[in-house]
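User: I would like to learn how to read side-chain features in a model. Can you take me through some cases?

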Amino acid sequence: GVRDQLGQLGETPAMAAAAAEQQQFYLLLGNLLSPDNVVRKQAEETYENIPGQSKITFLLQAIRNTTAAEEARQMAAVLLRRLLSSAFDEVYPALPSDVQTAIKSELLMIIQMETQSSMRKKVCDIAAELARNLIDEDGNNQWPEGLKFLFDSVSSQNVGLREAALHIFWNFPGIFGNQQQHYLDVIKRMLVQCMQDQEHPSIRTLSARATAAFILANEHNVALFKHFADLLPGFLQAVNDSCYQNDDSVLKSLVEIADTVPKYLRPHLEATLQLSLKLCGDTSLNNMQRQLALEVIVTLSETAAAMLRKHTNIVAQTIPQMLAMMVDLEEDEDWANADELEDDDFDSNAVAGESALDRMACGLGGKLVLPMIKEHIMQMLQNPDWKYRHAGLMALSAIGEGCHQQMEGILNEIVNFVLLFLQDPHPRVRYAACNAVGQMATDFAPGFQKKFHEKVIAALLQTMEDQGNQRVQAHAAAALINFTEDCTKLVLEQVVTSIASVADTAEEKFVPYYDLFMPSLKHIVENAVQKELRLLRGKTIECISLIGLAVGKEKFMQDASDVMQLLLKTQTDFNDMEDDDPQISYMISAWARMCKILGKEFQQYLPVVMGPLMKTASIKPEVALLDTQDMENMSDDDGWEFVNLGDQQSFGIKTAGLEEKSTACQMLVCYAKELKEGFVEYTEQVVKLMVPLLKFYFHDDILQLLNTKHCARVRGPEYLTQMWHFMCDALIKAIGTEPDSDVLSEIMHSFAKCIEVMGDGCLNNEHFEELGGILKAKLEEHFKNQELRQVKRQDEDYDEQVEESLQDEDDNDVYILTKVSDILHSIFSSYKEKVLPWFEQLLPLIVNLICPHRPWPDRQWGLCIFDDVIEHCSPASFKYAEYFLRPMLQYVCDNSPEVRQAAAYGLGVMAQYGGDNYRPFCTEALPLLVRVIQSADSKTKENVNATENCISAVGKIMKFKPDCVNVEEVLPHWLSWLPLHEDKEEAVQTFNYLCDLIESNHPIVLGPNNTNLPKIFSIIAEGEMHEAIKHEDPCAKRLANVVRQVQTSGGLWTECIAQLSPEQQAAIQELLNSA
């Protein structure tokens, strides 16, 4: 009975339970939005624990229910999109197929029924996310109904549906999968049609954004750019119209295109630039929009400089726009007394204009920019309105880096002119002048300090004094702190920084100024204890330690213990400092400089210093993986930086604290270097801290620490091996993944050094396997980059400035190649021929390096690698001789001295270490080497190293393979080429061979009746004069003994000495005294 009644009511117990559960779920959604942390955390945990399929059911139900609260529905939509984006593979494929079908049709149904536009957008985002996950490996779209819905909706009479279709396409432009080419004309027609919709601005805006998204999604498809080029005029129109409706989304899309696919703009570049210029100059728009419009031009100057340089008229009109923005300053009565210049107006026009100018000068180059801007700046500096003078000085600071070469020639006039403004009646202009001096000191260092330090110090000192304060200099600093009219603190910070940088470059020349500054600086550290003076105090601590380093221990010792006490006092308060206290990083650096100055005497302070240092070095960076939608909710200003990983994902890292972390790591390195054994007890904890940091590539000083290894030696071999195992994996991984080439080369260098220290057996099979793969990839990338550069040289916008930047890239690449060679060198020298089978995987690539058509650095480094194979892996190396012997013989006579040197060195080690198989090639090499040595310009600066390697190789052939050549015939020539003095290593080899010959009384060397001895003496004397041989080298002793033997037979000695010049005689004496 009861059951029937329920049945008639249409409600089963199961349904009732489900309804109750759904009710609970609404409560949960509400709690997820709760401002109360505890409630929200609890709700998040509950939500996480709901199984995937139930989540989907609940969420869809909430989205569908139009009677539910608006916030709850929106929240449900966001959660469902996130679920599909982050856990699609875990949740969706496991659903029964009827449930999958239901979800798909349900979503499309909700989009059609939904009346509220922001809710509809959120559901479109879900549909796009689902579509993104339903394109299979081969590009088949597994949701044909979704595509049909797009086609139907885009031509529907209902504006809401047209918006929905465009929104989905904008969110996922790859929705057509492998059918894209087939539908290309349809897609284009759709977009054109929507862009021309005169009645509905929202459709025009959305279709323009969708067009941009589509172009960006196909950034490598140049044919598609051409096909879609005629959409650009409509797109630009939409940029314009949307800006005047207070919507900058299309303008942002244009910035993205300029950043990623500037070539797409090429056919309508003039129109794009004119539009950007117009919007930027329109003061009726808001600042953000004007800055974005400027950003289009600035970005193009970075991503397509060559293309933009052709439009000089636009560049010439953009410059006054930027300068006008820089004049847009507020009058601020309290400026002079305000703490810290408010750096928070990052969005102000003045800051934006300055940064744009800086980037444009760097992008387009000073050759173009300086002539265009010079007159403007000069006029601004003469303007009676302080804002123009301020902007002129700031502009001058901004272009220094980009116009470096062009300004260097006229630096003198510029400096004299800027210094005048340190006496400007308006305090903010004086501030800008300080800023310009500081910036020029950075951009034109170290020449700037050398040339101008006297002028600049005098002018800055005057600025310190000219604040209406007549007290004696020693109290200038104290007075300035108490006397805060006219931005003293700022000027003081600037001045302290300037003094520091002058001391840093002037070094011992700074000594006469020392007593002038030190009392005032110590005074600041003692007295500037208020919170708002923290930065000043930090900078002063830095300044004192820099001055100490500049003038050296003797001069600084009188104040060293005072300074240490002050620092220790700060250090004791260190534990109460807030984490963001600016003094921390200054303190840490100052400690390290004190360590440099005091050397071993610093060890007593280590226990106090290491605590905070390790604390700072181990700040854990906050990192997060986000999808692009979430990223939009995290604004950049809270100290996060993002690296786009493609595929809708970004890697975020919170950079606050990283600078300090990096500084701390540098300091640890410094202590290890300076104190060596004194640092040993900390080595282990430091290594444990450092290795995980290798993975963490945002700051690069972490590596240098490997040099603490020489400390570890004190602890014995087991300790060293343990530490090495701890580091080795991380190092190899870092070589494979480090994106920054400067950091990468450091890591590779450290790795090679470590292998040399650790020797045979330090790498296991897994290490070798991984390293082989990585080196192979590096070499392949090297060749690929060269090809890409050749392609850029064929580009329609190629010009000499492009060539310059390609040269820089090339230098970087070659530098990495040298590091590959370093690593192989360390492996060959440690492992010998055992490593040849492993090397075979790299062999074809190294052979490719020495092909005749490759650039000379490739051939040079390829030969160096084969030189190592011969030197360390013979006689087994002969197995590969077919790959390198012919080229090596040919390259002895190459046009490039670097290639000749590598080839000649190889022939030398072939004679020395190569087995009998190499004998015929020694015979063949000799005349080639002689030809190089005897050519007319063989001794010029650029050729001498290669020539000396040839001479040394000839010596090695005679010494190690005497039966392959006619020694009697070659020897007299060889003696006439001695001594070597540029290549110290080869010089030792040749002198050792010379000693062999003399000690065995070789008749050709000594000559009949020893008539050659004076000649031999002059060779020895020349070698000594050029410091070709270090006195501690056993070879020096052998040479000295040769001389001593002659000394015992009086007449011969007098004769030999008589034929030497006074300098040569002194050199022989020097050798006898020291060896």
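Analyst: What follows covers one arginine, then aromatic rings, then charges over rings. This is a predicted model: local features need pLDDT of at least 70, side-chain atom pairs count only at pLDDT 80 or more, and totals for chains, interfaces and linings use all residues. Residues are numbered from 1 along each chain as its sequence is written, and side-chain values use heavy atoms, leaving out hydrogens and water.

User: Is Arg162 buried or exposed?

Analyst: Buried means under 20% relative accessible area, exposed over 50%, partly exposed in between (1.4 Å probe, protein chains only). Arg162 has 12%, so it is buried.

User: Which residues does Arg162 touch?

Analyst: Contact means heavy atoms within 4.5 Å. Not counting residues up to four places away in sequence, Arg162 touches Ser153, Val154, Ser156, Gln157, Asp197, His200 and Ile203.

User: How many aromatic pairs does the structure hold?

Analyst: Rings of Phe, Tyr and Trp (its six-membered ring) pair if their centres lie within 6.5 Å; planes under 30 degrees apart are stacked, over 60 edge-to-face, the rest tilted. The structure holds 19 such pairs. Take Phe225 and Tyr264: centres 5.9 Å apart, planes at 65 degrees, so edge-to-face. Both Phe225 and Tyr264 are buried. Phe828 and Phe839 are also edge-to-face, at 5.2 Å and 75 degrees.

User: Which ring does the charged end of Lys55 sit over?

Analyst: A charge sits over a ring if NZ of Lys or CZ of Arg is within 6 Å of the ring centre and within 35 degrees of the ring normal. For Lys55 the ring is Tyr47, with its centre 4.7 Å away. Arg209 lies over the face of Trp170, 4.6 Å from the ring centre.
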